[in-house]
Amino acid sequence: MWTLPGYGDHLEQGNPDLRKQMAEVGAPVGFEDVVASINPIPGDQPDVAAHWNVTFAVDDADASAAKATELGGKVIVPPFDAPWVRTTVIADTQGATFIASKFVPENRDLAGQTDATTSAA
């Protein structure tokens with residue numbers, strides 16, 4: 001993960017006590033300063049091409065998927081639970097894909113488990 005020191009300060013302007021909340025749910029130290037990460041393609045998925053994507057934080061991944069469909073987009077990967085998040089992969093009307101992800105601290109125990117569909121983006 002890449003961090004931008006002080007980014008959490010910026011986030012706390014709109015969400016006071018963010019660092020405290022992250023600590024209380026067991027988020028890794030410095031998580032609030034993360035601005036990018038690298039996720040290796042699993043060895044059991046050799047046909048997946050190298051790629052990049054953007055993730056948007058949303059209030060509700062399921063509602064975001066439904067709204068995208070309503071507006072003419074396409075759900076590429078239906079909403080699912082993953083470590084720390086509930087997430088979905090969506091394509092806009094032009095075909096560009098992105099991830100809509102809701103931070104779900106209760107999903108922290110899913111760490112170490114993977115879902116092959118996450119490499120579809």
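Reply: Start with a cut-off: a residue is exposed when its relative accessible area is over 50%, and buried when that area is under 20%. Keep in mind that this is a predicted model.

Me: Why is I38 called exposed?

Reply: The relative accessible area of I38 is 59%. The cut-off is over 50%, so I38 counts as exposed. I38 sits in the loop between strand 2 and strand 3 (55-57).

Me: What makes D33 buried or exposed?

Reply: D33 has a relative accessible area of 12%. Buried means under 20%, so D33 is buried. Its place is the loop between helix 2 (18-24) and strand 2 (34-36).

Me: What is D33 in contact with, leaving aside neighbours within four places in sequence?

Reply: The partners of D33 are W2, T3, L4, P5, G6, Y7, G8 and R19.

Me: What makes the largest nonpolar core a core?

Reply: Such a core is a set of buried nonpolar residues joined through side-chain atoms within 4.5 Å. Here the set has 11 residues, including L18, F80, W84 and I99. Helix 2, strand 4 (74-82) and strand 5 (85-91) each supply at least two. Strand 4 gives the most, with three.

Me: Which residues does W84 contact beyond four places in sequence?

Reply: V25, G26, A27, P28, K102, F103, V104, P105, N107 and R108 are in contact with W84. V25 and A27 also belong to the largest nonpolar core.

Definitions and conventions:
Residues are numbered from 1 along each chain as its sequence is written. This is a predicted model: local features need pLDDT of at least 70, side-chain atom pairs count only at pLDDT 80 or more; totals for chains, interfaces and linings use all residues. Side-chain values use heavy atoms; hydrogens and water are left out. Helices (H or I, at least four residues) and strands (E, at least two) are DSSP runs, numbered from the N terminus. Buried means under 20% relative accessible area, exposed over 50%, partly exposed in between (1.4 Å probe, protein chains only). Contact means heavy atoms within 4.5 Å.
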